[in-house]
Structure formats: structure tokens, C-alpha cells
Amino acid sequence: AGQDPEALRTAARAALSTARERTRLLTTCVDAAELTAQHSPLMSPLVWDLAHIGNQEEQWLLRAVAGRAPMRPEIDSVYDAFEHPRAERPSLPLLSPDEAHRYAAEVRGRAFDVLDTSALRGSSLLDAGFAFGMIAQHEQQHDETMLITHQLRRGPAALAAPEPPPAAAPLTAHEVLVPGGPFTMGTSTEPWALDNERPAHRRDVPAYWIDTTPVTCGAYLEFMADGGYEEARWWDGAGWAYVREHGLSAPLFWRREGGQWLRRRFGVTEPVPVNEPVLHVSWYEADAYARWAGRRLPTEAEWEKAARHDQDNDRSRRYPWGDTEPTPDRANLGQRHLRPAPAGAYEQGQSPSGVRQLIGDVWEWTASDFLPYPGFVAFPYREYSEVFFGPDHKVLRGGSFAVDQVACRGTFRNWDYPVRRQIFSGFRTARDASPEERTAHDPRPG
Ligand code: AVJ
Ligand code: FE
């Protein structure tokens, strides 16, 4: 989005409309009983997400931006995510599916009027259409959340999508060496970047090796077959306690039958696809696999440097392939496909050093806690990021097949508890470069 108000308006309208099409699909492909049911204590009823999407849009675009009076002040507390944990939401006086659809549509009509008449500058909320971009991202984040709910739902499939592309040209290497030295992490210029991605700052990252693709189900099966879940030495202490207590022995949605591993995916059971990035693993499982493989998870800075740093001119790109928006030949995003593409797909989307599938396919766990960047300022509300900073949450990067491009870029940061695995989470691994590799490849003089 440039600074021309008409171009900004067009971009904001498109982002909001794309989100709403997806929201409609996710909330009309099942009946009212399925929309109001709670399919897992970890998730809200789908109808809660729907009205919450409308309510956030009303609060930010109609009230904060346009100064309008609340349409239905009595529902604000019902749709406040901080007042009511997810497990509690089914017992709230929720709008019915019809009411929720109508409310969200009414808010949207008025939000488009605001967009058409707004100057899109003059305040940090309006500059570059930020509030509209933020609300489009918020809706897409809930569209991913709702897709997780669909994955957890029992019963026959309600959603279908074409298969992703196959693995492209064979990989020339399974890992690449990223030279040591500083790079610019985060952003101060990306117009719709959220508060936790800001500001841009220099980060020195010593040389390291990183996998060219996410870890596959086939590789993960080797860890399982080697007794990975039975040996404490691979696990973080808290992770070991957790897998023992809950008797975990495979990724979520996997089960073994007749000597074969199967997994359930959106209502369909299929053999575990060995070439596909492993999905639905917790941070603890990712961390244990990496240790078993003699490796480790990349830090968040290592992930971002691999995804963005252009060594030739010491510049950080918006995406691994450059600064242009994602296209279907570069990244698996937006629920276009309802699964990750096989490891090695999307050659067009690779980084200059040949690292693939950094954007899209699976969210990638990193070694890092979710912490503010130096100079962080909460904006526009503390509850988006600030209240989650600290050692309880680990950072995930790169986006999954389930998230739209408006809510995914080289700087985008997601976070969750290390036990979480209903999310579309996978990982890749890294390792330190040897002392010789460090000095040989550090571009700094002396
Ligand atoms: C950034 C994905 C962790 O879903 O809890 C949605 C996004 N924030 N509504 C979440 C979000 C407020 C958030 N994550
Ligand atoms: Fe929300």
C-alpha cells in the first residue's frame, strides 16, 4: 500500500473483503448447531469468533476512527477475549448465528462508508490506513482460529480445497550456511506492521546453518521410531513432564492402525504424508526432535535473517523472494489449500541462499521467548502484544497455509504456549557454524 489515498482505500477494501469471504465460508459450511457448539475447550464456538470479528471492527473503525456511538454496547463484554476465557464462551449470552451474521454485515457496511470518507492520515491510527489493515489482519487471524476449530470438529468434512503444488526442482542442499554479522530485524516502514514487529533495529547474528525446508513427517517418524518420546534426554524438563503426564507419543491428530500411522485432517483420515512438513507439534516436541537430530531450533533472529537479509547490499527484504506481495507460485497462504505443500515446493519463493517455504505452509516454532524489541511502544492497545511478553510464550514465524498474506510477512511475529499443538505449527532446525566457518564467512573486516 502506497501513500496515495485512493490506492490505500482500494487495498484496504480488498483486504477486508478477502477476509469476509473467508469468514463467510467458515461460518456457513456447517449448520447452526455446529456454529454454536464448542468443539474443544481450547476453542470458542465459531459463532463467538464471528460476532467478535464484528465487534472489534465496530470498536476500532466505527468508534475509535469515526467517533460513532456504540451500536450494541451490551455485547462488548461478551466478545471481550480478556474477560472470558475460551472454555467459558459457550455459556455466554451469544448472538445467534443469524444475529451474528447480520451484526457483522451491518458493521462492515458502515466501515466501508468510513473508509470512503476518511483522509487516511493525521493520526497514527489513520496514517496509511493502519486501522483498516489492522482490522483486516484481525479478521484473518480469527479465520485461522476458526479453521483450527474446524480441524478439531468431529464429523464429516465441511471444507474442501485443491491440492498444493508438488515439490519443485530437487534441493541442492538440505541446509545452508548463513554468514555471521549484523542485519536489520523488525520494521519501522511496513505500513500495516503490528506493534510487536517494530521498530527496525540492528541485530548481530553469528554464522549458523539452517534447514532449507521445514522438517517432514517422514523425518519426524524416524524420531518416533527411535524412541524419541520415551527418552528424557531429548526433552526440555517441563516438556518431558508434559508428554509423560498426557501420554503423548505422536503429533496431534495422528493414530496408529495396523502398523501404519494415519492422521485426521478436516474430517478425512489418511496415511501420514511422509514428504509433507510435520504439523500439529508443540514447541516441546519440536525442541526434542531438534536435540535428537543433533541440532536445535533457530532463534527468532536467525529465522528472520534467513528470511529477509540480502547480503549483497545489507538490506532486509519484506519477503524471502524480495519486496513484492506473495503470489500463489511463491507461498501457500490464505487457505487456498487446506494443507502444507510437500517439503521443497515453492522454489519461486525461496530466499537468495535457497531456503524454501519460510512464508506459508506451517508456522515455525523458534527457540525464542516472545519479547519486545528495543524501543517497543504498545499500539494501539496493550492487549494485542504487550500483555503476552515474557517467558511463557514462544515465538512462531512465517505463517501457515491457513493465514492470509495480509497477516503474514517477513517481520510478522506469532506466539503461543510451548504445549500448544492444535495450531498449524511445524518447525525447521538449525545448528551453530564451526569456529572456522564463523571466521571464514563473517563479512566484517578484521
Ligand atoms: C497473534 C494469533 C496469538 O489469536 O490470540 C486475535 C491474534 N489477537 N485477536 C490470537 C489475535 C486478538 C492472536 N495471535
Ligand atoms: Fe480477536
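Helix α1 (residues 5–28) packs against helix α4 (residues 97–117) at an angle of about 170°, with the axes 10 Å apart. The model is predicted: local features need pLDDT of at least 70, side-chain atom pairs count only at pLDDT 80 or more, and totals for chains, interfaces and linings use all residues. Residues are numbered from 1 along each chain as its sequence is written, while chains are lettered from A and ligands numbered from 1 in the order in which they are written.

Helices here are DSSP runs of H or I with at least four residues, and strands are runs of E with at least two, numbered from the N terminus. Axes are lines fitted to C-alpha atoms, for helices over the stretch in contact, and angles run from 0 to 180 degrees between N-to-C directions. Angles over 145 degrees count as roughly antiparallel, so α1 and α4 are roughly antiparallel to each other.

Now the sheet. Three strands form an open sheet in the order β5-β6-β7, with antiparallel pairing. Strands pair if DSSP finds at least two bridges between them. β5 (254–257) and β7 (268–271) are the edge strands, each pairing on one side only. Strand β6 (residues 260–265) is joined to β7 by four bridges. L262 stands opposite P271 in β7.

Last, the ligand. Which residues surround ligand 1? They are H138, Q141, H142, T145, Y384, N414 and W415; a residue counts as near if its C-beta atom, placed from the backbone, lies within 6 Å. α5 gives the most to this shell, with four residues.

Conventions: Parallel < 35°, antiparallel > 145°, perpendicular 65-115°, else oblique.
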